[in-house]
Amino acid sequence: MTEIAHPDSVERFRAALKEHGAEGDVVRLDDNAHTAQAAAEGLGITRGQIANSLVFLADGEPVLVMSSGGHRVDTDKVSAAFGGKKITKANADDVRAATGYVIGGVSPVGLSTELPTLVDNDLAQYDTIWSAGGHPAYVYQTTFSELVRMTGGTPADIGE
């Protein structure tokens, strides 16, 4: 049996999970999961169970928003949660610099820099949720409480 080599970014994420005492494992999907819809279809779950890792800039500084894939993020609510800072979308270079991951593979932990984090309260309604696992083809099963604990994030209502 041949061992499949995983991208370095997935191994970094796995190490971070272990460091945080996480319970689950990283799973490789047959197809990349660049969108919440694609990931949900690959896992056979609802789109709302996908915890999107979105990077925004708050007054120019990167922040992480773990959002349910079931709705869009309301940037006015994100702004309010970050004390009224101006919220703008981060570009691919900003995302890579702030997290060490590519868009579509940004995991909630194992980031290259610690980021202030919000975790969408909408995710709390699900027994299990899935986040990116360091690469667009890898995902990780977790719970809302574990996600909040691992990220040190603040639960918030951020959906439109």
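Buried means under 20% relative accessible area, exposed means over 50%, and partly exposed lies in between (1.4 Å probe, protein chains only). This is a predicted model: local features need pLDDT of at least 70, side-chain atom pairs count only at pLDDT 80 or more, and totals for chains, interfaces and linings use all residues. Residues are numbered from 1 along each chain as its sequence is written, and side-chain values use heavy atoms, with hydrogens and water left out.

**Exercise 1. The whole chain**

Task: State what share of the protein's residues is buried, and list the order of its elements.

Solution. 
- Step 1. Of the 160 residues in the protein, 46% are buried.
- Step 2. Helices (H or I, at least four residues) and strands (E, at least two) are DSSP runs, numbered from the N terminus. The protein has five helices and eight strands.
- Step 3. Read from the N terminus, the order is α-β-α-β-β-α-β-α-β-β-β-α-β.
- Step 4. The radius of gyration is taken over C-alpha atoms, and the globule rule is 2.2 Å times the number of residues to the power 0.38. The protein's radius of gyration is 15 Å, close to the 15 Å from the globule rule for 160 residues, so the protein is as compact as a globular protein of that length.
- Step 5. Along the principal axes, the C-alpha trace spans about 55 × 30 × 25 Å.
- Step 6. Contact means heavy atoms within 4.5 Å. Among contacts with a separation of 6 or more, 65% are between residues 24 or more positions apart.

**Exercise 2. The two sides of α4**

Task: Find which residues of helix α4 are buried and which are exposed.

Solution. 
- Step 1. Helix α4 covers residues 92-99, and Val95, Ala98 and Thr99 are buried there.
- Step 2. These residues lie on the same side of α4, because they cover an arc of only 80° around the axis. The arc is that of the directions from the helix axis to the C-beta atoms.
- Step 3. Turn to the other side of α4: Asp93 and Ala97 are exposed.
- Step 4. Look for the cover. The buried residues of α4 are covered by elements including α1 (8-19), β2 (50-58) and β3 (61-68).
- Step 5. Check the N-terminal end. Asn91 caps it, with a side-chain oxygen 3.0 Å from the backbone nitrogen of Asp93. A polar contact is a pair of N or O atoms within 3.5 Å; within protein, one must be able to donate a hydrogen and the other to accept it, and residues adjacent in sequence count only if both atoms are side-chain atoms.
- Step 6. Gly100 follows α4, and its phi is positive, near 85°.

**Exercise 3. Rings and a charge**

Task: Which geometry does the aromatic pair of Phe13 and Tyr140 have?

Solution. 
- Step 1. A pair of aromatic rings is described by the distance of the centres and the angle of the planes.
- Step 2. Rings of Phe, Tyr and Trp (its six-membered ring) pair if their centres lie within 6.5 Å; planes under 30 degrees apart count as stacked, over 60 as edge-to-face and the rest as tilted.
- Step 3. The structure holds one aromatic pair. The ring centres of Phe13 and Tyr140 are 5.8 Å apart and the planes are at 85°, so the pair is edge-to-face.
- Step 4. Phe13 is in helix α1 and Tyr140 is in strand β7 (residues 138-142); the two are 127 residues apart, so the pair links distant parts of the chain.
- Step 5. Both Phe13 and Tyr140 are buried.
- Step 6. Now the charge. Arg12 lies over the face of Tyr101, at 4.2 Å from the ring centre. The rule asks for NZ of Lys or CZ of Arg within 6 Å of the ring centre and within 35 degrees of the ring normal.

**Exercise 4. Ser9 and Asp59**

Task: Is Ser9 buried or exposed, and where does Asp59 lie?

Solution. 
- Step 1. Ser9 belongs to helix α1. Ser9 counts as buried because its relative accessibility is 16%.
- Step 2. The Ser9 side chain reaches the backbone oxygen of Gly134 at 2.6 Å.
- Step 3. Leaving out residues up to four places away in sequence, Ser9 touches Tyr101, Gly134 and His135.
- Step 4. Asp59 sits in the loop between β2 and β3. With a relative accessible area of 51%, Asp59 is exposed.
- Step 5. Most residues other than glycine have a negative phi. Asp59 is not a glycine, yet its phi is positive, about 50°.
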